[in-house]
Amino acid sequence: MSEAQIKNLEKEFDARIARDEKIEPKDWMPEKYRKTHIRQMSQHAHSEIIGMLPEGNWISRAPSLRRKVALLAKVQDEGGHGLYLYSATETLGITRDELFEQLHSGKAKYSSIFNYPTLTWADIGAIGWLVDGAAIINQVPLCSTSFGPYARAMVRVCKEESFHQRQGYEIMVKLMKGTPEQKAMAQDALNRWWWPSLMMLGPTDSESVHTAQSMKWKLKRKTNDELRQQFIDQTVPQAELIGLNIPDEELKWNKEKKSYDFGTIDWDEFWQVVKGHGPCNKERMTARVSAWENGQWVRDAAMAHAEKQEHKKLNKVG
Ligand code: BYC
């Protein structure tokens, strides 16, 4: 293709983005658009399946049958979100095996938040309330992202995230109506998960290398800092309502801004976790890689079955 032809295609592509048209897998797209989507969508998929691990740890220890059923359903939903997202990413011309290879070799990232431990039952409440709460704020704008398969997957994911958030908040509400020990457990979980939840929304806009281009392509509809502010403004009243204290002495309502001012985030901690040095990075990768290796026989059996079916079909035709 000549340079002039590519320029024309790019012009038409930009015009489609400006008209808010969805870009579909077989449409022409700039190579960088394709690669950026593979990066973000696959990291999102990886986050969903790694995100099953900290909570999966509590399924057998949930305090009642009702809590167990709800947690089990939530963790299964996360597996499902990972699968929609892997399928949507595959439409961009990369295979599932390549995506897993990138995760297992450490080439692809997954969300920093899942490298923290779940020490008590209250952590399950805090994850649902804060982590899924932050995820909804990040993902609702993604329902109108420009790449069709990603946007459509997000509509379903967001509905489920909404149940996850309520499930977590309800655990916190219940603990805050409980004994002094239960209240202390809820406060302790909030203390440990608050700052990592703010970090989860990504580096500040001035440090975010991808935001400017992703906003132009309407992959991102809001910047990391905008989403973080929205998350804080929404979550602080929820904490106050049930008597929890946000662990930030600088947190203060700003009348002019009509939003909260907040303290300094420890970005060194964030980058340490992103680079693999968080409290649970090694544990998460070991669990993930061994699940992949232990599941080899299932993939082999599925392939053998598919081959047999194919043979049968051919024999019938023959
Ligand atoms: N952790 O330029 P930036 C869930 C990386 S799962 C690790 O701002 P971008 C759930 C970033 O990748 C929720 N790395 O990037 C599941 C980039 O490095 P690379 C997961 C992070 O992409 C189970 C570099 O830092 N949600 O909800 O414009 C249970 C510079 O960042 C993080 C998604 O994945 C991080 N937190 O913006 C419960 C949503 N933040 O790639 C809940 C989709 C940044 O150049 N993703 N980095 O090596 C997004 O919206 C965007 O990718 C982000 C980052 C806002 C996360």
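The dialogue below goes through those topics in order.

Modeller: One caution before we start. This is a predicted model.

Colleague: Start with the ligand. How many residues surround the ligand, and which are the closest?

Modeller: The shell has 36 residues. The closest are K109, S112, S208, H210 and K220.

Colleague: Which polar side-chain atoms lie by an oxygen atom of the ligand?

Modeller: Take K220 to begin with. A polar side-chain atom of K220 sits 2.6 Å from a ligand oxygen. For S208, a polar side-chain atom is 2.7 Å from an oxygen of the ligand. N138 also takes part: an N or O atom of its side chain is 2.9 Å from a ligand oxygen.

Colleague: How much of the ligand does the protein bury?

Modeller: The protein buries 91% of the ligand's area. Taken alone, the ligand exposes 1000 Å².

Colleague: Which helices each supply at least two residues of the shell?

Modeller: They are α2 (31–50), α4 (65–90), α6 (121–139), α7 (148–176), α8 (180–200) and α11 (267–277). The helix that gives the most is α2, with 6 residues.

Colleague: Now the packing. Which values describe two packed helices?

Modeller: Two values do it: the angle between the axes and the distance between the axes. Here, α2 and α4 pack at about 160°, with axes 7 Å apart.

Colleague: Are α2 and α4 roughly parallel or antiparallel?

Modeller: Angles over 145 degrees count as roughly antiparallel. Therefore α2 and α4 are roughly antiparallel to each other. Their crossing is left-handed.

Colleague: At what angle do α2 and α7 cross?

Modeller: The axes of α2 and α7 cross at roughly 25° and come within 13 Å. The cut-off for roughly parallel is under 35 degrees, so α2 and α7 are roughly parallel to each other. Again, α2 passes α7 in a left-handed crossing.

Colleague: Where do K218 and K258 lie?

Modeller: K218 is in the loop between α9 (211–216) and α10 (224–241). K258 is in the loop between β1 (252–254) and β2 (259–261).

Notes
Residues numbered from 1 in each chain as written. Predicted model: local features only at pLDDT ≥ 70, side-chain atom pairs only at ≥ 80, totals over all residues. Heavy atoms only, no water. Near = heavy atom within 4 Å. Polar contact = N/O pair within 3.5 Å; in protein donor to acceptor, adjacent residues only side chain to side chain. Areas by Shrake-Rupley, 256 points an atom, 1.4 Å probe, with all protein chains shown as cover. Helix = DSSP H or I, 4+ residues; strand = E, 2+ residues; numbered from the N terminus. Axes fitted to C-alpha atoms, helices over the stretch in contact; angles between N-to-C directions. Parallel < 35°, antiparallel > 145°, perpendicular 65-115°, else oblique. Left-handed = near helix turned anticlockwise from the far one by under 90°.
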